[in-house]
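Please walk me through this model in the viewer, stop by stop. Tell me what to select next and what is there.

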Amino acid sequence: ETGVIYVTNRAVEHGFSPESKEWANLGQGSPETTSFEDWPKNVRKAISELEEKGFVYTDVEKIESIPVTEDNSHYGPVNGDWELRCAVANYYNQMFRKGQKSQYSGYNVAIVGGGRLALTRLCSSMDAINLGHFLPDYTAYEELLSVFKSITPIPITLDPDNNFKCTLKDLRNEIIGRGLSGLLLSNPCNPTGQLYEGEELKQWVKIARETQCSLIMDEIYSRYIYSQKMAPGDAHWRIVSASQFVEDVDTDPVIILDGFTKTFRLPGIRCCWIVGPRAVINAVAAAGSFLDGGAALPSQRALIPLLNHQHVINDTIILQVLFAHKRNYVLTRLQEIGFTIEQAPAGTFYIWCSVSKFNPPINDGVNFFREALKEKVTVIPGKFFDVNPGRRRPQAGRYHDFIRISYGPTFETLVRGMNSLERLVKKFS
């Protein structure tokens, strides 16, 4: 069981249901899908003030339904609808690659039915390679890398004293010293929220180019950013992507995963994309022909208007006002309760925090989770982010005193969750 599945199953055993107004699911891996009218009053006020200044507009056409017609009810291409592929390519060119000679085209894009499927297609198309991955990172990488026996997963432990980030020197040494052909990472990182951006990210791409090590960047949280370094735009919005620093879209070994599920707050539609060199996209198509056959055509065509770059900027500003408000609230409450947070998240909608300073038994992530269930709140124990494909190495208990808390849910849920965690900690103080 992945962390989220384990937590959900245990919570259901304690009476949890997604519709319950008594529970707070702080283990949630998806963003809230509510509308502007349902957001906190001060968030709506902040957005209205930006609208008055001409920075945003709130009268946005939403996808209320997806039409199914004779024109879109047939099988679509394995790598996705051509118009959507071109729209994704244009999104990257407009947002990150203006003025650069090498530009993405539809041939550099594959559309897939969700982020996990994107990763599955990529791994299916790989030869026997040493694939580096970081600790901690996204829990599903463990199951993914356990399935494909031709891939040798090489764990790279991140130092908490360096805010769970890899230095450029260590990156080059790991690639060369371990003979890595690829590196898989989420950026910003799930669970730590740490981020490679600006000059640092530029150097990552340069090292990948020089070593010809494929950099597989899971950028599914690319618009949940709370810092600004070399952002391609003004101070009101922030998006981070390695595509900004690619020199040649067909020869630089940089592969990007993103999609509508997280950044567009449409997790139920499960439509994502892979962007990379044409040869990689061709290989992904071959894998997709036997794995899944391609994403649903009606939803693909309905999503195309969302990729208009002005719409993306507008939606990003609004998204970041909402989630920055929730982030700041949860950070403040957690620190007041007594959680240890070494570094505030620069991205995602997660907070990686330690429970080590609490009294037993809640100074351990799993025990904390179990006691939290009694208060009708869920969190993810840190041990699930110690990605260990095939259980090849002994469980070192590396993150036993950490938990991941999500501020993806609604503000109302977050308030309820923080109150529950405060009660829990006081119970054992």
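Select strand 2 and strand 8 (residues 272–275): four bridges join the two, and they run antiparallel. Strands here are DSSP runs of E, at least two residues long, and helices are runs of H or I of at least four, numbered from the N terminus. Two strands pair if DSSP finds at least two bridges between them. Val112 stands opposite Cys272 in strand 8.

Stay on strand 2 (residues 109–112) and show side chains. Val109 and Ile111 point one way, Ala110 and Val112 the other, and all are buried. Buried means under 20% relative accessible area, exposed over 50%, and partly exposed in between (1.4 Å probe, protein chains only).

A note on the source: this is a predicted model, where local features need pLDDT of at least 70, side-chain atom pairs count only at pLDDT 80 or more, and totals for chains, interfaces and linings use all residues. Residues are numbered from 1 along each chain as its sequence is written, and side-chain values use heavy atoms, with hydrogens and water left out.

Next, select strands 9, 11 and 12. They form an open sheet of three strands in the order 9-12-11, with antiparallel pairing. Strand 9 (350–354) and strand 11 (380–381) are the edges, each pairing on one side only. Five bridges join strand 9 to strand 12 (residues 402–406). Zoom in on Ser354: its bridge partner in strand 12 is Phe402.

Now the salt bridges. The structure holds 17, each a side-chain nitrogen of Lys or Arg within 4 Å of a carboxyl oxygen of Asp or Glu.

- Select Glu375 and Arg423: their side chains meet in a salt bridge (3.0 Å, N to O). Glu375 lies in the loop between helix 12 (365–374) and strand 10 (377–378) and Arg423 in helix 13 (residues 411–427), so the pair ties together parts that are 48 residues apart in sequence. Glu375 is buried at 14% relative accessibility; Arg423 is partly exposed at 44%.
- Stay in helix 13 for Lys426 and Glu422, which are four residues apart, about one helical turn. Their salt bridge spans 3.7 Å, N to O. Lys426 is exposed at 57% relative accessible area, and Glu422 is partly exposed at 28%.
- Select Arg178 and Glu174: the closest N and O atoms of this salt bridge are 2.6 Å apart. Arg178 is partly exposed at 37%, whereas Glu174 is buried at 18%.
- Select Arg209, Glu247 and Asp252, which a network of salt bridges links.

Last stop: Tyr92, in helix 3 (residues 82–96). Tyr92 is buried, with a relative accessible area of 1%.
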